[in-house]
Amino acid sequence: MALPLNPGPLPGPPFTYNADLERLEIELLLEGVFRHFGFDFRSYAYGSIRRRLWKRVEAEGLKTISELQSRILHDADAMERLLLDLSVNVTTMFRDPTFYLEFREKIIPVLRTYPFIRIWHAGCSTGEEVFSMAIMLEEEGLYDRTRLYATDINDVVLQRAKQGIFPLDRMQEYTDNYIRAGGIRSFSEYYTAKYDGALFSPSLTKNVVFSQHNLVTDRSFSEFHVIFCRNVLIYFDKTLQNRVHKLFYDSLVMFGTLALGSKESLKFSEFETHYERISSVEKLYRKVH
Amino acid sequence: MSETNDVGYDLVVVGTSWGGLAALRALVNGLPKSFGMAVTLVQHRHKDSDELLRTLLQERSELEVCEIEDKMPVEQGRVYLAPPDYHTLVERGHFSLSTEAPVRFSRPSIDVAFLSAADSYAHRAVGVVLTGANSDGSNGLRRIFDRGGLALIQDPVTAESPTMPASAVRSVPRARVMPLPELIRYLAVLPTAPQERHI
């Protein structure tokens, strides 16, 4: 593919920008967002939040983080746009197919032993992995005795997840993932193509409860057999990660399963000793004490 | 010419795409066991790549080569490989990963890694651009240079694919440009910053 040799600068501060001043401005903005709107992004991983803020600065036609602070405090629509930037995590169906294969082999047999199964998708974003899980449970004959709780801080993405419509141009990739994840049917059985969207079967969401939940400020709301939280904690700093791990620990039944993203690890958290690895490759952990 | 600072360096970030495997194998092979900086390698590769690259690099390196996981600490004398299908960001003292959209078709993006390293390590960061068939890394290398860090580029004429280093030279005309073997020897003897001055 032809790429321009000198694409314009990436969103970010001008080269002469003072890094300490930038950090101060970012902290002030996040403090303002928390105190005025109640959304707490103060303990998010700095590098990523910084990128997202600068993208918003640029999209709004502004020059500095401080100008963005002023705009969002006085313009509710601008705050909505920023909230989407900060809280939307990109995901795909059957992301890391080998993970789902391992889940089928190692966790499904354990779930079969429960009369009723509760699974929490924490930070589900637009729901791709919730649908992936629903499909797998359906194929394993467990869906009818499962309730899936799909939560996210952002109501806009939850509404999209509820609709169950995903871009049609991703279906080839998702079909490949599905097959490699051990899918046993034809993936196209699960959706109907409509315009440029793929509408997934409503039967997949009949046992899904979508609700707004903030991992930073809200408490546990039930006890689960599986907590699924992949590539969400990477956006938090270490302190916040530990707080959320405490929440997960308190919300899991004994011998319940914690599923993290393939490049996430409990090794760098305070909760490593409370779990054992179930798989040598995938990030599947069992709560043991 | 990119001048060396007087306190030394903590962190090297290397970006490469096409032709990168041979160049990275040569690079890690040329770093002595006593090498005092953390070395981060950002190589464009397929999202489903496995352990192979890490294994191939470990074969040639006296330093321990590991694939980065979220919040992994940045330690001296180790080689860190950016995982496929994530952006790698260097924070102060540890790595963070992100699944934000690819930047100019790339995830990992070399620019994203360079920009975060420049922000976290400023003049104690070294950015290195090697062979590659696109212009990723040019903006980020510029940022490392502007924050007082050291900018090194493989001489495009000697690179398997000259596009990426040539683009970096245009973006940072005062970077040090050298053929790969010379660049590796230069890197191997760069002074390491004393630990207690770690920012």
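This is a predicted model: local features need pLDDT of at least 70, side-chain atom pairs count only at pLDDT 80 or more; totals for chains, interfaces and linings use all residues.
Student: What does helix H8 of chain A pack on?

Tutor: First, the sheet itself: seven strands of chain A in the order S6-S2-S1-S7-S8-S10-S9, an open sheet with mixed pairing. Strands S6 (208-212) and S9 (275-277) of chain A are its edge strands. The twist from one strand to the next averages 20°. Helix H8 (residues 155-163) of chain A packs on that sheet and touches strand S2 (146-152) and S6 of chain A, its direction making about 165° with that of S6(A).

Student: Why are S6 and S9 of chain A called edge strands?

Tutor: Each of the two pairs on one side only.

Student: How do you know that S1 and S7 of chain A pair?

Tutor: The criterion is at least two bridges between the strands. Strand S1 (residues 117-122) and strand S7 (residues 224-229) of chain A are joined by three bridges and run parallel, so they count as paired. A:Trp120 stands opposite A:Ile227 in S7(A), and the bridge partner of A:Ile119 is A:Val226.

Student: And what joins S7(A) to S8 of chain A?

Tutor: Five bridges, with S7(A) and strand S8 (residues 252-260) of chain A running parallel.

Student: What makes S7(A) largely enclosed?

Tutor: Six of the six residues of S7(A) are buried, so the rest of the structure largely encloses it.

Student: There's a three-stranded sheet in chain A too. What leaves one side of S3 and S4 without a neighbour?

Tutor: That open sheet has the order S3-S5-S4 in chain A, with antiparallel pairing. Strand S3 (165-167) and strand S4 (191-194) of chain A are at the edges with a single partner strand each, so one side of each has no neighbour in the sheet. Its twist averages 30° from one strand to the next.

Student: How do you know that S4(A) and S5 of chain A pair?

Tutor: At least two bridges are needed, and S4(A) and strand S5 (residues 197-200) of chain A have four, in the antiparallel sense, so they qualify. A:Lys194 stands opposite A:Gly197 in S5(A).

Student: Over to chain B. How do you know that H3(B) has the span its residue count predicts?

Tutor: The 12 residues of H3(B) should span 16 Å at 1.5 Å a residue, and the end C-alpha atoms are 16 Å apart, so the two agree. After H3(B) comes B:Ala122, with a positive phi near 45°.

Student: What makes H3(B) largely enclosed?

Tutor: 12 of the 12 residues of H3(B) are buried, so the rest of the structure largely encloses the helix. Among them are B:Phe114, B:Leu115 and B:Tyr121.

Student: Which way do the residues of strand S5 of chain B point?

Tutor: B:His87 and B:Leu89 point one way from strand S5 (residues 87-90) of chain B, B:Thr88 and B:Val90 the other way, and all are buried. In a regular strand, side chains alternate between the two faces of the sheet.

Student: Finally, how many residues of chain B are in contact with chain A?

Tutor: 29 residues of chain B, meeting 23 residues of chain A. Strand S6 (95-98), helix H3 (110-121), helix H4 (138-146) and helix H5 (163-171) of chain B each supply at least two residues of that side of chain B. By class, the side has nine nonpolar, eight polar and 12 charged residues.

Technical notes: Residues are numbered from 1 along each chain as its sequence is written. Chains are lettered from A and ligands numbered from 1 in the order in which they are written. Two residues are in contact if their C-beta atoms, placed from the backbone, lie within 7 Å. Ala, Val, Leu, Ile, Met, Phe, Trp, Tyr, Cys and Pro count as nonpolar, Asp, Glu, Lys and Arg as charged, and the others, Gly among them, as polar. Axes are lines fitted to C-alpha atoms, for helices over the stretch in contact, and angles run from 0 to 180 degrees between N-to-C directions. The expected span of a helix is 1.5 Å times one less than its number of residues. A residue is buried if 20 or more other C-beta atoms lie within 10 Å of its own, exposed if 12 or fewer, and partly exposed in between; C-beta atoms are placed from the backbone.
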